[in-house]
Amino acid sequence: MDFSSLSPVAMIVLLIGAATPILLAAIGELVVEKSGVLNLGVEGMMIIGAVSGFIVAVNTDSPMLGLVGAAVGGAVVSMVFAFLTQYLLSNQVATGLALTLFGLGLAALMGSAYNGIRPPRMARLEIEGLSDLPIVGKLLFSHDPVIYGSLALVFAVWYFLNRTRAGLVLRACGENHEAAHSLGYNVQLIRFGAIMFGGACAGLGGAYVSLVRVPQWTEGMTAGVGWIALAIVVFAAWKPWRIILGAYMFGGITILQLSLQALGISISGAYLSMTPYIVTIVVLVIMSSDRKKASLNAPACLGKSFHASH
Amino acid sequence: MKFTKTLAAAAAMGLALAGGAIAGSHGAPVKAGFIYVGPIGDLGWTWTHNQGRLALEAEFGDMVETSYVESVPEGADAERVMSQMARSGVDIIFTTSFGYMDPTINVAEDFPDVRFEHATGYKRADNVSTYSARFYEGRYVIGEIAGAMTETNKIGYIASFPIPEVVRGINSAYLAAKSVNPDVEFKVVWVYTWFDPGKEADAANALIEQGVDVIMQHTDSPAAMTIAEEKGVYAFGQASDMSSFGPNAQLTGIIDNWGPYYIERVQAVMDGTWESTDTWDGVQEGMVGFAPFSDKLPDDVRARAEATIAALAAGELNPFTGPINKQDGSVWLAEGEVADDGTLAGLNFYVEGIEGELPN
């Protein structure tokens with residue numbers, strides 16, 4: 001079998017493209033869950049981001065403004081969820097699922113006039129000298145800005161959660177909202193903000209699909225990425241850095257199996273297609289086998305509504 | 001994911017039922033329901049079935065009432081959606097994906113008075129018809145074009161699931177490409193989904209990375225077409241004209257035309273002449289059509305494609321005419337022998353020359 005035509009560099013470039021939407025959505029959801037809210041509407045916020053980013057990018061001819069539009073779109077739609085769960089105290093699981101359905105339908109409506117249109121292309125970063133380096137240039141210095149941005153975002157989230165007072169307060173809301181409340185913090189408002197941040201990130205992830213990975217708008221085009229992002233958060237045990245690991249591993253296995261097939265290697269694609277899901281399940285099983293460890297990681301108030309009774 | 005899709009289906013069903021109840025108050029029109037595997041905006045497979053549904057409404061006006069549920073997962077969930085639809089008083093239900101085969105048969109047993117029409121399957125009952133189009137005829141034409149247009153002699157094929165429908169298409173396209181270009185090589189990538197633009201795009205990229213310069217697809221979204229346009233390779237529209245996604249990339253496309261069949265079947269319900277049938281129409285009957293040819297096609301390629309289409313339309317050409325060997329070298333069809341529909345319906349092997357193993 002001729003492996004020489006299998007270019008690792010090209011594969012890694014594809015891998016990053018497949019992983020970035022998951023990464024963006026997952027890091028946003030991580031912050032939401034750290035604040036004690038379980039938002040299952042990631043898929044819905046992503047598709048809203050995908051369509052609103054697409055619409056803005058086409059109308060302004062600027063992919064960058066498209067990304068801004070996507071973040072705003074995702075954040076706005078997440079406010080519906082935030083209002084319902086934080087102030088009307090609706091069930092988070094049900095509201096999250098409803099948000100996904102709502103998002104998919106609304107996106108289809110919004111995008112109906114945008115089928116078959118090609119969006120402006122996102123320029124890749126070109127650094128004089130660096131981008132032309134063999135291998136390293138293509139590997140490290142010639143991606144689109146979103147990819148660098150997504151990695152910077154992971155760092156920023158890590159720093160915020162672990163090194164700032166505001167991050168500590170947010171985590172306090174997730175671990176023990178009664179305590180946070182008794183210290184005078186407005187739990188609902190903090191969670192509202194976290195949910196909007198999660199919505200903006202999911203929106204960006206969706207726009208990465210519609211503007212970069214598959215530059216087009218098609219109904220339902222995120223095709224379940226939001227659910228994978230949710231799984232990746234658990235897989236990462238709510239640790240920002242592991243989100244990168246999870247997302248890139250998922251993207252990597254997807255791309256690897258497609259590339260091997262294109263190369264003509266007889267592998268069972270069915271099993272490889274399953275692999276990322278199986279790995280996630282295995283990790284979940286291993287993690288939950290040690291109750292102490294699992295409970296250390298999961299925010300203690302995850303999914304619980306908070307109502308200040310006094 | 002399944003759960004939400006179910007919810008989506010249930011919610012959509014609720015809407016469809018509400019709509020039906022209001023419209024049902026005047027006269028007694030025939031009610032036709034459709035179960036779709038993807039969103040009607042996929043601009044591919046489901047979109048064309050929905051076009052057929054709209055053709056039905058245009059033809060019969062007030063005499064017909066249609067409803068549909070989109071993005072219904074194949075499997076047990078489909079059964080529930082179908083039952084719900086049947087219970088709502090629908091006269092005829094079109095289930096438009098291969099994976100609905102067993103669910104359709106199961107539900108049909110519970111509702112003997114409702115007629116079912118299952119697309120692309122092979123299981124029938126007294127109240128279950130099957131219908132499909134001979135897409136492999138269309139794939140023969142685009143295979144010929146692909147074989148003539150490739151410069152690297154590598155043709156990429158994005159395949160969904162290893163079912164007879166898809167295997168027929170690969171074999172037919174390969175035989176056609178080989179007939180005009182003996183050096184041609186097929187690279188088949190199975191993505192195990194009908195609709196996932198991201199994955200389809202990744203598959204297209206992976207194939208182009210391997211030197212493929214013409215891409216064929218048996219998945220439903222225009223993602224591969226978009227990538228082909230971007231990378232400067234050729235591709236073919238799937239189920240509908242996708243030239244808006246790839247004005248330079250699209251050479252032609254296979255167009256599914258379900259409208260006439262849907263009209264015929266609903267007419268049969270109105271006349272009380274409906275009975276379980278097995279329909280398999282192709283280019284000849286107009287169920288399989290083609291998108292306009294790209295001006296990138298040289299005259300000789302275009303002329304040959306037109307001649308092939310004419311031969312198919314006249315019923316003079318069968319893509320599966322011997323001599324054809326199976327992949328392992330054993331004889332499938334002897335010289336001049338033509339594959340019968342039964343064999344084609346269950347086709348589960350590659351023909352000789354295609355590399356790689358067919359997943360089972």
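**Group meeting talk: two chains and what they share**

Okay, let's start inside chain B, where 13 residues of domain 1 are in contact with 16 residues of domain 2 of chain B. On the domain 1 side, helix α2 of chain B, residues 45–60, gives the most to that contact, with four residues. If you sort that domain 1 side by class, you get seven nonpolar, five polar and one charged residues. Before I go on, please keep in mind that this is a predicted model.

So where do these domains sit along the chain? The assignment puts domain 1 of chain B at 2–133, and domain 2 of chain B at 135–256 plus 287–345. Their C-alpha centres lie 29 Å apart.

Now over to chain A. Its secondary structure comes to 13 helices and zero strands. Taken along the principal axes, its C-alpha atoms fill a box of roughly 70 × 50 × 40 Å. Of the 310 residues in chain A, 49% count as buried. And here's one about contacts in chain A: among those between residues at least 6 apart in sequence, 77% join residues at least 24 apart.

Let me pick out a couple of helices. Helix α3 of chain A, residues 63–87, has 25 residues and reaches 35 Å from its first C-alpha to its last, close to the 36 Å expected at 1.5 Å a residue. After α3(A) comes L89(A), with a positive phi near 55 degrees. Then there's helix α7 of chain A, residues 165–175, whose buried residues are L170(A), A172(A), C173(A) and G174(A). What do the buried residues of α7(A) pack against? They pack against α1, α8 and α9 of chain A.

Next, how do the two chains meet? The contact takes 39 residues from chain B and 39 residues from chain A. On the chain B side, the elements that give two or more residues are α1, β7, α7 and α8 of chain B. α7(B) gives the most there, with ten residues. The chain B side divides into 19 nonpolar, twelve polar and eight charged residues.

Let's zoom in on one residue of helix α7 of chain B, namely N205(B). Is N205(B) buried or exposed? N205(B) counts as buried, because it has 25 C-beta neighbours inside 10 Å, and the cut-off for buried is 20 or more. Leaving aside neighbours within four places in sequence, N205(B) is in contact with L14(A) and I227(B).

In soluble globular proteins, nonpolar side chains tend to be buried together. Here, the largest nonpolar core has 195 residues, and those with the most contacts inside it are I22(A), A26(A), I232(A), V189(B), A204(B) and I215(B). Its largest share, 16 residues, comes from helix α9 of chain A, residues 187–213. This core also draws at least three residues from each of domain 1 and domain 2 of chain B. Take I232(A): setting aside neighbours within four places in sequence, its contacts are I22(A), A26(A), I243(A), G246(A), A247(A) and F250(A).

Terms used:
Residues are numbered from 1 along each chain as its sequence is written. Chains are lettered from A and ligands numbered from 1 in the order in which they are written. This is a predicted model: local features need pLDDT of at least 70, side-chain atom pairs count only at pLDDT 80 or more; totals for chains, interfaces and linings use all residues. Two residues are in contact if their C-beta atoms, placed from the backbone, lie within 7 Å. Ala, Val, Leu, Ile, Met, Phe, Trp, Tyr, Cys and Pro count as nonpolar, Asp, Glu, Lys and Arg as charged, and the others, Gly among them, as polar. The expected span of a helix is 1.5 Å times one less than its number of residues. A nonpolar core is a set of buried Ala, Val, Leu, Ile, Met, Phe, Trp, Tyr and Cys residues joined through C-beta atoms within 7 Å. A residue is buried if 20 or more other C-beta atoms lie within 10 Å of its own, exposed if 12 or fewer, and partly exposed in between; C-beta atoms are placed from the backbone. Domain bounds come from an automatic or database domain assignment.
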